[in-house]
Amino acid sequence: MKSLTEYLWFHADTRRAFFNITPQVEELVRRSGINEGLCLVNAMHITASVFINDDEPGLHQDYERWLEKLAPHAPTSQYDHNNGEDNADAHLKRTVMGREVVVAITDGRLDFGTWERIFYGEFDGRRKKRVLVKIIGE
Ligand code: ZN
């Protein structure tokens with residue numbers, strides 16, 4: 001069995017942001033030389049997500065609005081966690097949007113549905129954060 005482990009770094013200038021990280025993950029799959037296997041991608045922080053969905057800007061606005069309805073950032077005093085911190089909403093958003101994705105590798109490529117792309121969702125940005133990519137197979 002072959003494997004490859006890499007970390008991707010992100011720095012959002014805003015509190016919340018979505019990044020399409022599919023090209024970076026595809027590059028790692030190429031570099032791994034693995035033809036048949038699995039690719040795990042997970043956020044290494046509890047206020048950020050990795051998820052799969054459509055690369056469509058309207059949808060990303062919808063996520064932003066929907067997540068703000070579910071777990072509004074302000075007023076920060078509404079959360080018990082915000083006791084010296086202000087990121088309780090980011091922890092809740094991360095839980096809803098998920099920690100990781102696993103994508104099959106078939107014939108050396110990520111085996112996606114037609115519109116599937118991998119995203120990093122940042123909910124408490126303005127600092128460096130990383131994502132683990134682990135690829136195993138043969
Ligand atoms: Zn916190």
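Is arginine 16 buried, exposed or partly exposed? Arginine 16 is partly exposed, because its relative accessible area is 23%, and on this scale buried means under 20%, exposed means over 50%, and partly exposed is in between (1.4 Å probe, protein chains only). Keep in mind that this is a predicted model, where local features need pLDDT of at least 70, side-chain atom pairs count only at pLDDT 80 or more, and totals for chains, interfaces and linings use all residues. Residues are numbered from 1 along each chain as its sequence is written, and side-chain values use heavy atoms, with hydrogens and water left out.

Let's step back to the whole chain. It has three helices and eight strands, and from the N terminus on they run β-β-α-β-β-α-α-β-β-β-β. Helices (H or I, at least four residues) and strands (E, at least two) are DSSP runs, numbered from the N terminus. Of the 138 residues, 43% are buried. Along its principal axes, the C-alpha trace spans about 50 × 30 × 20 Å.

Now for the charges. Side chains of opposite charge can pair when their charged atoms come close. Here there are 13 salt bridges, each one a side-chain nitrogen of Lys or Arg within 4 Å of a carboxyl oxygen of Asp or Glu.

Back to arginine 16: its salt bridge partner is aspartate 89, with the closest N and O atoms 3.9 Å apart. Aspartate 89 lies in helix H3 (residues 88-97) and arginine 16 in the loop between E1 and E2, so this pair ties together parts that are 73 residues apart in sequence. Aspartate 89 counts as buried, because its relative accessibility is 1%.

Aspartate 89 also forms a salt bridge with lysine 93, and there the closest N and O atoms are 2.7 Å apart. These two are four residues apart in helix H3, so about one helical turn separates them. Lysine 93 counts as buried too, at 1% relative accessibility. Through shared partners, salt bridges join Arg16, Glu64, Glu68, Asp89 and Lys93 into one network.

Next, look at arginine 15, which forms a salt bridge with aspartate 124, the closest N and O atoms being 3.6 Å apart. That pair links distant parts of the chain, 109 residues apart: arginine 15 is in the loop between E1 and strand E2 (17-20), while aspartate 124 is in the loop between strand E7 (117-122) and strand E8 (128-137). Both arginine 15 and aspartate 124 are buried.

Finally, visit the start of the chain. Methionine 1 lies in the segment before strand E1 (2-11), and it is exposed, with a relative accessible area of 77%.
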